[in-house]
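Take a look at the sequence and the 3D structure shown here. Keep both in view as you read the briefing.

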Amino acid sequence: MELPALTTRDLQRFSRHLLLPEVGEEGQRRLKNARILCVGAGGLGSPAALYLAAAGVGTIGIVDFDVVDFSNLHRQIIHGTSDVGRSKLTSARERIGALNPDVHVETIDAPFKAANAREIVDGWDVVLDGTDNFAARYVVNDACVLYGKPNAWGSIFRFEGQASVFAAPGGPCYRCLHPEPPPPGLVPSCAEAGVLGVLPGIIGTIQATEALKLVLRVGEPLIGRFLMFDALKMRFREIKLARDPDCPICGTNPTIRELFDYDEYCTSSTPAQKRPTDVTVRELKELMDAGRAPAILDVREPFEAELCSIPGATLIPLGELPRRLDELPGDADLVVLCKSGSRSARAVSILREKGFKQARNLAGGILAWIDEVDSSLTRY
């Protein structure tokens with residue numbers, strides 16, 4: 001394949017790249033010809049997409065279906081305050097265009113699912129996984145393995161980040177590390193546990209670096225290497241990660257041969273995935289309207305309750321719950337809530353183990369309450 005020529009403006013813009021023997025004119029032409037797909041325009045996708053555009057990647061794809069929220073702005077640097085309420089795809093496309101108008105941006109306004117994964121990844125050289133949940137992460141991994149796309153992967157949580165390159169020829173995939181998704185509610189999301197704002201910038205630029213190296217065919221990509229970063233200690237560690245011959249999708253005798261979705265494993269409770277210990281927000285509202293309201297326990301942090309709360313709820317943060325059980329009615333119907341249902345699900349498990357057999361989880365948490373019952377409350 002003949003690589004595209006560099007224009008006079010390209011020679012000016014990328015002069016510092018052209019001075020690098022590992023890049024040079026041919027390497028910059030490779031970047032101009034490259035097609036890199038960013039799954040997610042959030043914390044990881046934001047810095048990755050910006051640096052890929054700045055580096056001269058010719059075509060950048062962005063998959064997202066969300067809108068910009070105020071709570072995104074401390075880390076999702078591709079979006080600004082004026083973008084709140086707008087589509088992340090629109091915001092990202094405009095920001096990339098302002099940075100480098102020669103980059104072609106293709107947007108896919110849809111969740112990354114088994115039904116559309118092949119159509120989405122087809123035609124891209126590298127997939128950069130900027131997803132923030134296990135449900136999407138496993139589908140991205142499996143699609144990359146099945147359709148032969150290297151996956152520049154990253155993950156963040158509170159003060160820690162991880163990065164690797166999965167699904168490259170001969171290398172491991174994400175399932176070699178974690179064969180199966182965790183059960184619902186076991187691992188809190190960044191929305192539940194928080195994340196240091198600069199952390200996704202560090203990990204996202206590492207992902208962008210790996211994607212560029214794969215296109216340029218230089219250096220030592222993180223294939224078979226798992227990089228871990230601790231921001232509090234400012235320390236990087238690396239472990240070797242070999243391809244698992246027993247991996248269910250990339251192993252010698254794979255058992256996974258087609259894509260399927262993992263929402264039932266990974267997400268917080270929702271009305272469509274109601275568990276026996278769940279109560280929906282509409283059911284709770286009906287009980288309240290009928291004068292049969294249960295006791296309501298809010299296990300969020302105080303600052304969250306200041307932003308929005310359900311009337312009559314008792315606030316006991318999850319971390320304080322084990323030592324404050326005596327403040328709760330032991331034999332009464334008790335509904336537990338948090339932001340989206342993850343922390344409250346763990347709280348219900350604790351309460352039931354301690355004898356609170358009537359404790360139930362509010363599916364979807366306060367966000368579901370806002371969406372379906374009281375839209376006047378502040379989302380965060």
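Predicted model: local features only at pLDDT ≥ 70, side-chain atom pairs only at ≥ 80, totals over all residues.

Helix H5 shows a buried face, and helix H15 is mostly covered. Two charged residues, Arg175 and Lys339, are buried.

**Strand E5 and its partners**

- Ser155 has Gln162 of E6 as its bridge partner.
- E5 and E6 form a hairpin with two residues between the strands.
- In that hairpin, Arg158 takes a positive phi near 55 degrees.

**Helix H5**

- H5 runs over residues 88-99 and has twelve residues.
- From its first C-alpha to its last, H5 reaches 16 Å, close to the 16 Å expected at 1.5 Å a residue.
- Which residues of H5 are buried? They are Lys88, Leu89, Ser91, Ala92 and Ile96.
- Seen down the helix axis, these buried residues fall within an arc of 165 degrees, so they line one face of H5.
- They pack against helix H4 (45-55), strand E2 (59-64) and strand E3 (104-109).
- At the start of H5, a side-chain oxygen of Ser87 comes to within 3.1 Å of the backbone nitrogen of Leu89.

**Arg175**

- Arg175 sits in helix H8 (residues 174-177).
- Is Arg175 buried or exposed? Its relative accessibility is 0%, and the cut-off for buried is under 20%, so Arg175 counts as buried.
- Its side chain makes a polar contact of 3.0 Å with the side chain of Asp142.
- Beyond its neighbours within four places in sequence, Arg175 is in contact with residues including Tyr138, Asn141, Glu180, Pro248 and Tyr262.
- Arg175 and Cys250 are 75 residues apart along the chain, yet their C-alpha atoms are separated by 8.1 Å.

**Lys339**

- Lys339 lies in the loop between strand E12 (334-337) and helix H14 (342-353).
- Its relative accessible area is 7%, and Lys339 is buried.
- A polar atom of the Lys339 side chain lies 3.0 Å from the backbone oxygen of Tyr380.
- Not counting residues up to four places away in sequence, Lys339 touches several residues, among them Glu192, Arg300, Glu304 and Tyr380.
- Lys339 also touches Gly365, Ile366 and Leu367, which are buried residues of helix H15.
- Lys339 and Gly364 are 25 residues apart in sequence, but 7.5 Å apart in space, C-alpha to C-alpha.

**Helix H15**

- How many of the eight residues of H15 (residues 365-372) are buried? The count is six, and the helix is mostly covered.
- The buried residues are Gly365, Ile366, Leu367, Ala368, Trp369 and Ile370.
- Their cover includes helix H12 (281-289), strand E12 and strand E13 (359-362).

How values were computed:
Residues numbered from 1 in each chain as written. Heavy atoms only, no water. Pairing = 2+ DSSP bridges. Helix = DSSP H or I, 4+ residues; strand = E, 2+ residues; numbered from the N terminus. Expected span 1.5 Å × (residues − 1). Buried < 20%, exposed > 50% of the residue type's maximum accessible area, 1.4 Å probe, protein only. Arc of directions from axis to C-beta. Contact = heavy atoms within 4.5 Å. Polar contact = N/O pair within 3.5 Å; in protein donor to acceptor, adjacent residues only side chain to side chain.
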